[in-house]
Amino acid sequence: MEEPLLLQHRDDRGVVTLTLNRPQSFNALSEAMLAALAEAIDALGHDAAVRTVVLGASGKAFCAGHDLKEMRAQPSLEYYQSLFAQCTAVMLAIQRLPVPVIARVQGLATAAGCQLVAMCDLAVAGQDARFAVSGINVGLFCATPGVALTRNVPRKAAFEMLVTGEFITAEQARVLGLVNKVAAPEALDDEVEALIAGIVAKPAAAVAMGKALFYRQIETGIESAYADAAATMARNMMDPSALEGVAAFVEKRPPSWSAAQASTT
């Protein structure tokens, strides 16, 4: 039996790991892989028990982008429009998940694979990781990856990557803001776990409201962003977890998130 294209594991904290599982194809985003990701992300978005999602990959590479062999087999405008719409839907679904998504990156992350890293909320890369939006090398400007890339790294750095197709190292990616942390390969999981631990220790409702606002305000003008942020904070303050957290701070004691959650049930 063939192994599934996407592996899924959940621990008792509600941390879900999705693993791209086409190592022989450098985890290229075939139509089937995109469909598997879409189905998994949709299900996780409706699961209140999920606290964090880790997106990783099997083998030596994280993701080499779209499956060029598959793309070449159906050269029509309608097919390409459908394919890129499918990919965009997956990328936006990651951003719309109410929980943080952490990319765990080893080896290559190119084109739509680099886009995938950029669309995750956080990213940890191994020292061996390399990143590129390299479509230009085959005559294809990485337009859709560029949307995500330009929302992560400075304009001139993004444009240089897009028009040269050249690779950047994991450390360069960290300096530019594409990834949060860089670790030795043997310490990659420890760095991911450190981020997870920091997230799951916080109230889920506050994290969910905060993530949604974070992306909304980026895409709007500053006055609208402040208005949205103020309304969000007011709603957040009425959440039992926030009321408990503030009370605990005033009373100089550790907060009891479990008690706050129990008061809502």
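Analyst: In this predicted model, the protein chain holds 12 helices and nine strands. The C-alpha trace spans about 65 × 50 × 40 Å along its principal axes, and the radius of gyration of the protein chain, 20 Å, agrees with the value near 18 Å that a compact globule of 265 residues would have.

The domain assignment divides the protein chain into domain 1, covering 6-201, and domain 2, covering 204-263, and the C-alpha centres of domain 1 and domain 2 are 28 Å apart. Where they meet, 11 residues of domain 1 are in contact with seven residues of domain 2. The size of an interface is often given as the accessible area lost when the parts come together. By that account, domain 1 and domain 2 bury about 740 Å² between them, with 47% of this area on carbon and sulfur atoms. On the side of domain 1, Arg51, Gln95 and Pro98 supply 47% of the area buried against domain 2, which is more than any other three residues contribute.

As for the polar side of the interface, six residue pairs, both members at pLDDT 80 or more, are in polar contact between domain 1 and domain 2, and two salt bridges are found across the interface. Sorted by class, the residues of domain 1 that touch domain 2 comprise seven nonpolar, one polar and three charged. A salt bridge also joins the side chains of Lys211 and Asp121, with a distance of 2.7 Å from N to O.

Terms used:
Residues numbered from 1 in each chain as written. Predicted model: local features only at pLDDT ≥ 70, side-chain atom pairs only at ≥ 80, totals over all residues. Heavy atoms only, no water. Domains from an automatic or database assignment. Contact = heavy atoms within 4.5 Å. Buried area = accessible area lost by both parts, 1.4 Å probe. Salt bridge = Lys/Arg side-chain N within 4 Å of Asp/Glu carboxyl O. Polar contact = N/O pair within 3.5 Å; in protein donor to acceptor, adjacent residues only side chain to side chain. Nonpolar A, V, L, I, M, F, W, Y, C, P; charged D, E, K, R; others polar. Helix = DSSP H or I, 4+ residues; strand = E, 2+ residues; numbered from the N terminus. Rg over C-alpha atoms; globule rule 2.2 N^0.38 Å.
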